[in-house]
Amino acid sequence: MSTLANQARGTGNPRNGPGPTADVRPPRRRPQDDRRKRRRHSFSRFDTKASPYLYVAPFFLLFGLVGLFPLVYTFIVSLNDWDLLSGAGQWVGLENYRVELADPYFWNSLFNTFSIFLLSAIPQLVVATFIAAMLDRNIRAKTFWRMGILLPYVVTPVAVTLIFSSAFDEKYGMINNLIGMLDIDPVSWKSEVFPSHLAIATMVNWRWTGYNALILLAAMQAVPREIHESAAIDGAGALRRFFSITLPSIRPTMIFVIITATIGGLQIFTEPKLFNPSSSALGGPNREYQTTVLYLWDLAFNRGDFGKASAVAWMLFLIIIAIGLLNFLLSTTIASAETRRRGAPRFGRRRRNPRGIPIDTIAAVQFPAAEPADRQEPKP
Amino acid sequence: MKRARRIRISAAVASAAAVALAVTSCSGGGTASDEPASTENPVTLKVTTFGTMGLDGLYEQYENDNPGITIEATNIDTGGNALTDWKTKQAAGSGLPDVQAVEEGWLGQVMTVSDTFVDLRDHGASEIQDRWVPWKTAQATDPEGRIIGYGTDIGPQGICYNGDLLEDAGLPSDREEVAELLGGDSASWKDFFDTGKKYEQETGKAWYDQSGFVWNAMVNQLPEGYYTADGSLNIEGNTELRERWDLLADAAQSGLSAAQTQWDWGKGQAFVDGSFATFVCPGWMLGVLKGQVEAAGGDADSGWDFADVFPGGPANWGGTFLTVPEQSTHPAEAAKLAEWLTNATSQAAAFEAAGTFPSNIEAQSDPVVTGQNDLTAFFNDAPIGEILGNRAEGVEAQFKGADDSVIQEQVFGPATIALDKGTDGQSAWDSALETLKNLDLK
C-alpha cells in the first residue's frame, strides 16, 4: 500500500533509475529503439499494477475450482429433483428448500447440531481460557505442559471417536461400568438425546480444548507485563487483573477462537458418524444425535436424494454465514464501545506505532480525502 | 531490459511445463481396445469386493493361467462402505472397477441403473446360466431380461445355538434334537419363541441377541417383503408382515431379546458371556460369529453349534454378485474373470477360505464344501456345507425395491431397537409407519 502511494506521488525509490515521468519523454533516437523503450515502460507499469494480483491469483484460482464452483453447482443441484444414481431430473425451483423446511428431521438435525455445539463450545472456551491463564504464569517445564495440552489434537479424530465410542458403550462400556460401581443406573449414551450429546461434546472438548488454550496463551503473552505489574502495585489481585487486564486484551483472539469454533461446531461430522460405527442408522436409532451434516450425508448417500441434500447444504451454509455476521457485528459493537469508553481516538495510538511506518502514510491510508492532489498522476 | 527478458523466458518455461504436464497426463490413460489379453497385449483388471468373499487367493492363479492379465484387487471392509463407494463412483460417472461386487441388499438400487452394467449375455451368460440356483440368476436379471451379474455366494439361514447354555437350561443340546425341538421341517416362529420362553423361565436369560436380525429373517423369507413383486410399497396394511411383527413384539416383551447392539455385541463379549443362546445364521454369518467369539477370547469350546432348522421355512439373507460396469475398458476380459471366479472350483475354494456358501449348484456338493474345515471344527464338527445345502432348498428370490435397504435400516431398524427397549408392538409399528411417511419413500 505504501509503495503504491509513494509511486503515485512520483517519489519512487531512486535506485530503480528514472521514474515513469522521465520515461515518457525520451530523447528521440531510432524508432525501433523508441518502440522497445515504450514496450518496456508499459511492461513495468503492468508489472507494478498487476503483479500483486498475479501473486494472489493461484489461491483464488484454486478457490474458484474447489470452493466457488462446487458452491454454485450445489446451488444448481438444489433446484432440481436430482437422484444420486440416475442424475438430474426435473427443475423444481425452490421446492427442495420448501420440503426440507417442513421436514421434522431437518429441524431435529439443527437442534442436535446447536445442542452439541453449545455443550462443547462453552465449557471448552471456559476451560481453555483457564488453562491458558495457568500456563501464562511462571511454571516449570513450560514446553512440556504446552505440548501436553496439544497432544489430544495430534490424535486423529477417527481414533478418538473409536476409543470414546467403546468407553461410552451402553452394555459393556467403561463409563457405565464405573458408574455402576456407584450404584447409578446405566446411562443410554447412544440412544438418548441428552446423554448422547454430552458424550459427543466430550469428544469434541477433549480434542479442541488444548488447541484453543494454546492460541489464547499466545494472545495472553502479548499483553505487556508492565500493565500487570503496575496494576499489581496498585493493589489489584490476580483475579481482578485477569478480568480487567487479561480478558479485555485477548478479546480479538477470543473472537477468532469463537468464530472458528462456531464454524467447526456447525459442521460436526466425524464424531457423530463414528460414535456408533456398527450401526447403519446414522446418528442414533431415532436420530438422537444426527447433526445437520450427518443428515445431509444420509440424504445424499443413503436415500440418494442429491437435490434435497444440496438444499440442506446451502441452508447450512447460509446459517453459518448468518452466525458469522452476528459474531462480526457483536465484536465491532464491543470494540467501538471500548474505544468510546477509553476516550482516545485510534489515530492517536497509531501515531506512536512501533513499526516505524511513516505517519503520513497512515494518514494517507486513513484519510485519503485529506490529500487529493497527491493521488493524481503527476503531469509531465 | 534484462529483467523484462528474464520474465519472458520464465514465462516461456512455465507454459512449456504446463503443456508437458497436460500431454503426459493424457498419455497416462490406458488403451480402450478389447482384444484378448496376451503377453503382447497386457491388460490390467480392477476388482472391487467387500467383507470376506474368499476370492483373494484366486487372483494369483488366474494371473498365472492367463498371461498378460494383471489383477488389481481392492477389498472394502463392509458392505455398507462398499455401497457408498459404488454409489459415489456411479454418480460421478467414473472410477468404477472392471469387476464390481454387488450385494443382494443393494441390488434394488443397482437395478434402477441396470443399463450402466454390461449385459453378460453378450459374453456367454446364456450358455452358463444353469450353473447357479435359478432364483440367483433371476435376481441378477433386469426387467429387460439382461443378465448383469454372476452369482457368488448365497445366504441360506440356519440356527446357531450354544449347546452348553441349552444343556444348563435342561434342554437338549444335540444338533438333531435341537432341530426337532424347534419344530423340525415344519418349524414356525411360534415354536421358536415358545422354546425361548421355556429357556427364559428356566434361566432368566435372553433367547436371541436382538430383534433386528430376527426381523430381517422374518421379512426376507416372505414371497413379497417391503415391496410387492411389481415394485410398489407393501408395508401399511400388510397383514402377513404385521402378524410376524406382533409375534416378535411379544417375544421381546417376554424378555427373549438380549437387546444387544447389532454388529457390535460388546466387541464379541456377548457371544461368550451367555447373554443369549441362539442366533440366526446365514452361511456367511458363521465366519462372523467365529470372529466375534475369538475377539472376545473364546474358541471352539465356547459351545456354539449349528442346527439344520429354520423357523418359518427356508430363508435367504444376503449374497453377492459379480458385475461388469459399462465403464470398464476391457468388458470381455472382465466378464471372463467374473465367469471364472464364479465357476464350481473357484466357488468351492472361496467357501473353504471364508465360509461363503456358493450359489453355484455343482460347488454346493463339492467335497471341499461338504467336508471338514476350520469352521466345522469351530462349530462342534457340524457338517456346515451339508446343512447349508439343505437350508438353501426351497428358497425363493424376493423382489428388492430401490429403497429396501433404507426401509430395513431407517424404518425398521429403530422400531426393532424400540421393541428391545420395551416398547409395545403397536406403538413401535406406528412409529415405523410414521418414519416411513417422513422419509417420503416410494
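**A walk through chain B**

Let's start with contacts, meaning pairs of residues whose C-beta atoms, placed from the backbone, lie within 7 Å. Among those in chain B between residues at least 6 apart in sequence, 77% join residues at least 24 apart. Keep in mind that this is a predicted model, where local features need pLDDT of at least 70, side-chain atom pairs count only at pLDDT 80 or more, and totals for chains, interfaces and linings use all residues. Residues are numbered from 1 along each chain as its sequence is written, while chains are lettered from A and ligands numbered from 1 in the order in which they are written.

Chain B has 442 residues, 51% of them buried (20 or more other C-beta atoms within 10 Å of a residue's own, with C-beta atoms placed from the backbone). Its secondary structure comes to 21 helices and 8 strands, which are DSSP runs numbered from the N terminus (helices: H or I, at least four residues; strands: E, at least two).

An automatic or database assignment sets the domain bounds: domain 1 of chain B covers 11-154 + 318-384, and domain 2 covers 155-316 + 398-439. Their C-alpha centres lie 31 Å apart. Where they touch, domain 1 of chain B puts in 23 residues and domain 2 of chain B 20. On the domain 1 side, α4(B) gives the most, with 4 residues.

Now for the neighbour: the contact between the chains takes 25 residues from chain B and 19 from chain A. On the chain B side, α3 (79-92), α4 (107-112), α20 (404-420) and α21 (425-439) each supply at least two residues, and α20(B) has the largest share, 6 residues.

Terms used
A residue is buried if 20 or more other C-beta atoms lie within 10 Å of its own, exposed if 12 or fewer, and partly exposed in between; C-beta atoms are placed from the backbone. Two residues are in contact if their C-beta atoms, placed from the backbone, lie within 7 Å.
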